[in-house]
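Thanks for making time this morning.

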Amino acid sequence: MPEGPELHLASQFVNKACRELVFGGCVEKSPVSRNPEVPFESSAYSISALARGKELRLTLSPLPGARPPREPLALVFRFGMTGSFQLVPSDALPPHAHLRFYTAPPGPRLALCFVDIRRFGRWDLGGQWQPGRGPCVLLEYEQFRENVLRNLADKAFDRPICEALLDQRFFNGIGNYLRAEILYRLRIPPFEKARTVLETLQQRRPSPELTLSQKIRAKQQNPDLLELCHSVPKEVVQLVSPLISAWFLCPTGGMGYGSKSWEEDFAAFQAWLQCYSAPGMSSLRDRHGRTIWFQGDPGPLAPKGGKSRKKKSSQEAQQGPEDGAEDPPSPNKAPSRTRRAQRGLPKQTTAQVPERTSLHQDPEAPPIPDKGKRKRRPAPSGRRRTRKTKADTPSLEPEGTSTS
């Protein structure tokens, strides 16, 4: 799910990509989108963007002399799970382009598209930030810090720190991967009580004898949790920002998880991650069902009965049972006879079955019946019961793997 840095990068992309472009005509909405129509038409207008936390405001500003005369219009976007902006040729619109802004002639006609595969993204007319959201961790750090420390009596801070970090009333812009990275750097157990972690920051005051440069150096060397909520997102922006110019110059480029350029440059971001979905880290689900990655003790408020899963390294994942792996994965099942017939595969014989250790059962051998399991009744005479086959559908995780 896109988080504060991704929304900030999306605003940079829109501003750089649209700086020299003139748009014209109506704004076009996909018929399948449930978001509101955008009642805007102008013969010539510009587009600019501004991000705040997990929201992005797009402003459509008519140019001097444009017809019909009208005031600028602003829209506020929330990206949901898969939202992004892409700038493409108008005759090569990407799938799931649910809102489209077209350039005016002369010149090749382009379209700035809001692309959202899963359709969880939203846009609202009027340009107002969503009420109740706190100051942005990236752009409004002092106000953000004050807002958190002033409201520690709120019941949100009775919860584990990993859950409090997702509360956008106080941590506007922090999401799943950022909370894991921030807590990991400070070695804070994710299920420690949030108020316990943050109360100590109320008394933290730099010595008045320190110079300004010494205060800055002390913060950089020993940052607290709220400082990391500001500096860690900045690291992501600084890592990816130089790539934006290359993104919008691509014929199918764009800022977002769906664009090819993002996927190609995603390796740098993955290398930056120290904890989130990293080999050797453990994970648990919080009370909202979101996975939190951590190392060591989860903390006193960890969910009871929750099983901690540890991600194996690539080397461990490649090891077989003979390599000494403690918990080897079960062997893939061979296709059933029904599926073999449908695929036209030859019937598997004993000679074709690869050698296995005694721990693995031959997939074509008859299964050992469970105790107390009733036998299937024979089909009525004259009618043959068809065997049902399960469709090969992958399991879906409740949350997407995104930098959200």
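Let me start with a question: does Glu163 count as buried or exposed? Glu163 has a relative accessibility of 10%, and because the cut-off for buried is under 20%, Glu163 counts as buried. Please keep in mind throughout that this is a predicted model.

What does Glu163 meet in a salt bridge? Its partner is Arg287, with 2.9 Å from N to O. Glu163 belongs to helix H3, residues 161-164, while Arg287 sits in the loop between strand E11 (282-285) and strand E12 (291-294), so that the pair links distant parts of the chain, 124 residues apart.

In total the count comes to 13 salt bridges, and another of them is formed by Arg52 with Glu140, whose closest N and O atoms are 3.2 Å apart. Arg52 lies in strand E3 (residues 41-52) and Glu140 in the loop between strand E9 (122-125) and helix H2 (141-150), so this pair ties together parts that are 88 residues apart in sequence. Arg52, at 15% relative accessibility, counts as buried.

The salt bridge between Asp167 and Arg169, at 2.7 Å from N to O, brings together a buried residue, Asp167, with a relative accessible area of 18%, and a partly exposed one, Arg169, at 38% relative accessibility. There is also a network, in which Glu55, Arg78, Asp124 and Arg133 are joined by salt bridges that share partners.

Turning now to the rings, the structure holds 15 aromatic pairs. One of these is formed by Phe77 and Trp123, which are 6.0 Å apart centre to centre with 50 degrees between their planes, a tilted arrangement. Phe77 is in strand E5 (residues 73-78) and Trp123 in strand E9, 46 residues apart, so this pair too links distant parts of the chain. Phe77 is buried with a relative accessible area of 0%, and for Trp123, likewise buried, the value is 0%.

Why is the pair of Phe114 and Trp123 called edge-to-face? Their planes stand at 90 degrees, with the ring centres 6.1 Å apart, and therefore the pair is edge-to-face. Phe114 is buried as well, at 1% relative accessibility. Together with Phe79 and Phe85, the residues Phe77, Phe114 and Trp123 form one aromatic cluster.

Finally, charges and rings also come together: Arg109 lies over the face of Tyr102, at 4.2 Å from the ring centre, and the charged end of Arg187 sits over the ring of Tyr184, 4.3 Å from its centre.

Definitions and conventions: Residues are numbered from 1 along each chain as its sequence is written. This is a predicted model: local features need pLDDT of at least 70, side-chain atom pairs count only at pLDDT 80 or more; totals for chains, interfaces and linings use all residues. Side-chain values use heavy atoms; hydrogens and water are left out. A salt bridge is a side-chain nitrogen of Lys or Arg within 4 Å of a carboxyl oxygen of Asp or Glu. Helices (H or I, at least four residues) and strands (E, at least two) are DSSP runs, numbered from the N terminus. Buried means under 20% relative accessible area, exposed over 50%, partly exposed in between (1.4 Å probe, protein chains only). Rings of Phe, Tyr and Trp (its six-membered ring) pair if their centres lie within 6.5 Å; planes under 30 degrees apart count as stacked, over 60 as edge-to-face and the rest as tilted. A charge sits over a ring if NZ of Lys or CZ of Arg is within 6 Å of the ring centre and within 35 degrees of the ring normal.
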